[in-house]
Amino acid sequence: MDFDGTAAVFRALGDVHRLRALHFLATADATCCSTGQGVCTCDVQAMLGLSQPTTSHHMKLLVEAGLVTAQKRGRWTYYALSTHGLHLARTAIGALLATAPHRDAA
């Protein structure tokens with residue numbers, strides 16, 4: 001198991017703004033400036049209601065964790081979901097579930 005990569009994914013998932021950004025990327029429709037190849041930074045920023053530097057920080061962490069891809073086009077960056085980080089998280093949870101004793105929660 002890639003413990004460092006998996007920990008980075010769970011750290012990235014451990015923030016409400018980043019979870020909201022992931023949900024937005026997964027559900028973005030044609031009303032935003034999505035080109036079908038990603039969602040523009042301006043739309044992510046507007047949805048989160050955060051400043052541009054704060055939005056960029058959150059998105060950078062999602063990219064570094066492998067949960068999101070980023071592509072620079074002109075002055076804007078376009079973001080899209082990436083399955084790499086999601087697969088790391090699912091694999092880690094699956095491995096823990098497979099080896100953990102099955103007990104009901106108290």
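A nonpolar core is a set of buried Ala, Val, Leu, Ile, Met, Phe, Trp, Tyr and Cys residues joined through side-chain atoms within 4.5 Å. Buried means under 20% relative accessible area and exposed over 50%, with partly exposed in between (1.4 Å probe, protein chains only). This is a predicted model, in which local features need pLDDT of at least 70 and side-chain atom pairs count only at pLDDT 80 or more, while totals for chains, interfaces and linings use all residues. Residues are numbered from 1 along each chain as its sequence is written, and side-chain values use heavy atoms, with hydrogens and water left out.

**Overall layout**

- The protein chain has five helices and three strands; helices (H or I, at least four residues) and strands (E, at least two) are DSSP runs, numbered from the N terminus.
- Along the sequence the pattern is α-α-β-α-α-β-β-α.
- The protein chain has 106 residues, of which 32% count as buried.
- Among contacts (heavy atoms within 4.5 Å) with a separation of 6 or more, 54% join residues 24 or more positions apart.

**Nonpolar core**

- The largest nonpolar core has 17 residues, and those that touch the most other members are Leu25, Val44, Met59, Leu62, Leu67 and Val68.
- At least two residues of this core come from each of H1, H2, H3, H4 and helix H5 (83-99).
- H2 gives the most, with four residues.
- Leu67 touches Val9, Ala12, Leu13, Leu22, Leu62, Ala80, Leu81, Ser82, Gly85 and Leu86, leaving aside residues up to four places away in sequence.

**Helix H2**

- The twelve residues of H2 should span 16 Å at 1.5 Å a residue, and its end C-alpha atoms are 16 Å apart, which agrees; the expected span is 1.5 Å times one less than the number of residues.
- Arg18, Ala21, Leu22, Phe24 and Leu25 are the buried residues of H2.
- Down the helix axis these buried residues of H2 fall within an arc of 160 degrees, so they line one face; the arc is that of the directions from the helix axis to the C-beta atoms.
- Val16, His23 and Ala26 are exposed on the other side of H2.
- The cover over the buried residues of H2 includes H1, S1, H3, H4, S2 and S3.
- The N-terminal end of H2 is capped by Asp15, with a side-chain oxygen 2.8 Å from the backbone nitrogen of His17.

**Helix H4**

- H4 (residues 52-64) has 13 residues and reaches 18 Å from its first C-alpha to its last, close to the expected 18 Å.
- Its buried residues are Thr55, His58, Met59 and Leu62.
- Seen down the axis of H4, these buried residues lie within an arc of 95 degrees, so they line one face of the helix.
- They pack against helix H1 (3-13), helix H2 (16-27), helix H3 (41-48), strand S2 (68-73) and strand S3 (76-81).
- Exposed Pro53, Lys60 and Glu64 sit on the face of H4 turned away from its buried side.
- Thr55 has 1% relative accessibility and touches Val44, Gln45, Leu48 and Leu50, not counting residues up to four places away in sequence.
- Gly66, which follows H4, has a positive phi near 80 degrees.

**Sheet**

- Three strands form an open sheet in the order S1-S3-S2, with antiparallel pairing; two strands pair if DSSP finds at least two bridges between them.
- Strand S1 (39-40) and S2 stand at the edges with a single partner strand each, so one side of each is left without a neighbour in the sheet.
- S2 and S3 run antiparallel and are joined by six bridges.
- Gln71 has Tyr78 in S3 as its bridge partner.

Key. Polar contact = N/O pair within 3.5 Å; in protein donor to acceptor, adjacent residues only side chain to side chain.
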